[in-house]
Amino acid sequence: MFSSILVFFLVLSILVIVHEFGHFIMAKRAGVWVEEFGFGLPPRIWGKKVGETLFSINALPFGGFVKLHGEQDEEGATNLKRAFVNKNKRTRISVIVAGVVMNFLLAIVAFAIVYSFSGVPRDTHKLKIIDVSAGSPAQVAGLVVGDIVSKVGKDNVDSVETFIGKVNDQKGKNVSFEIVRNGNTLKLQMKPRENPPAGEGALGVTITTTEIYYAPIWQRPFYGIYYGFKEALFWGQTILGGLWTLVTGLFKGQVPQGVSGPVGIFAVTTVAARSGILTLVNFVGILSVNLAILNILPFPALDGGRLLFIGIETLLGRKVLPKAEAITHSIGMAILLLLLVAITFHDITQLISAGSIANFLNSMSK
């Protein structure tokens, strides 16, 4: 259990510190005074000033933060020229967005590592048999794992969809299949079933046109980055779709399902860590995309909320009163914390009821 907790805090710390590092590096480039870069959350245990920035280690061993000079308003600022609040809109936007960009880049790197070691999927346009059900027409006819189906009747097939369509058109009829086995071409006769058992299909085979490709070592980072970028986009679209479903469901009066907080993340992290380092790295990538998208939402206290106020500033032609913005962000933070407490309480209740992490995860997926 201790190792699981350690991995959990390490994963969260990586996600948050990478996010905060984005703010840090962009603020430095923009000439904003970064007063402190904290590892963990206060109270402070140790700190050392490097240049003008205090690097601190704090008591709560997860997450991190960046303290910018004059972040909310000029009150208390001693160097107005380098105060964040006095920078132009483009500079403030770049500093705010940098955290989200870093999380997205972390996701790409995480997915790239996974693809570099586990190979990349590619379409061969060859229908390969990867499983044959016992007692099925395919097994009776002599079809075996590894065979490649090239023709159904007189028609060539090079995709799963085409194969299924051709087979379904011939249900109940004897059909000739052209099979390639170890470089040799065979003809097999099969009769697709009209009422197959659940989950088997008319012939009782599992087919794919996808294979795992292992590129030469020197090419793997490039393949990894390409597929890692596509994977990050995929998860971004999936998460946005889930959020849209959640929001529209709320307006319809539906109770959100499948929403989880730190306890749920801890449970999934534990299972991912037990499954191997690549599974854990892949999960870090998914979490990083999640954090990026949630942070850019236009809600007070989040990065998106700060962008929203810059947008309001643009519309009004003047800055929003700093105190009004600070109060709004404080209210937003309070709402987020209350929501976090409520979700955590629900997760703990569900975990106790489930009796195990595995059962808890199963209940989450329903």
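1. Setting aside residues up to four places away in sequence, V205 is in contact with I129, D131, V132, A138, L143, F163 and E200. Please keep in mind as you look around that this is a predicted model.

2. The largest nonpolar core has 19 residues, and V205 is listed with L143, V149, F163 and F177 as having the most contacts inside it. At least two residues of this core come from each of strand 3 (120–132), strand 4 (148–152), helix 4 (160–169), strand 6 (175–181), strand 7 (184–190) and strand 8 (205–213). Another core, of eleven residues, lies apart from that one, and its members include V32, F37, L68 and I96. As background, nonpolar side chains in soluble globular proteins tend to be buried together.

3. Strand 6 and strand 7 pair in the antiparallel sense, with seven bridges.

4. Now to T53, which lies in strand 2 (residues 53–68). Is T53 buried or exposed? Its relative accessible area is 1%, which is under the 20% cut-off, so T53 counts as buried. The side chain of T53 reaches the backbone oxygen of V34 at 2.7 Å. Not counting residues up to four places away in sequence, T53 touches F24, K28, V34, E35, E36, F37 and K48. F37 in that list is also a member of the eleven-residue core.

5. Helix 6 deserves a point of its own. How far apart are the end C-alpha atoms of helix 6? They are 20 Å apart, which agrees with the 20 Å that its 14 residues (262–275) should span at 1.5 Å a residue. Buried residues in helix 6 are V263, G264, F266, A267, T269, T270 and A272. After the helix comes G276, with a positive phi near 125°.

6. Finally, a closer look at T269, a residue of helix 6. T269 has a relative accessible area of 1% and is therefore buried. Leaving out neighbours within four places in sequence, the contacts of T269 are V7, F8, V11, L280 and F283.

Technical notes. Residues numbered from 1 in each chain as written. Predicted model: local features only at pLDDT ≥ 70, side-chain atom pairs only at ≥ 80, totals over all residues. Heavy atoms only, no water. Core = buried A, V, L, I, M, F, W, Y, C linked by side-chain atoms within 4.5 Å. Buried < 20%, exposed > 50% of the residue type's maximum accessible area, 1.4 Å probe, protein only. Helix = DSSP H or I, 4+ residues; strand = E, 2+ residues; numbered from the N terminus. Contact = heavy atoms within 4.5 Å. Expected span 1.5 Å × (residues − 1). Polar contact = N/O pair within 3.5 Å; in protein donor to acceptor, adjacent residues only side chain to side chain. Pairing = 2+ DSSP bridges.
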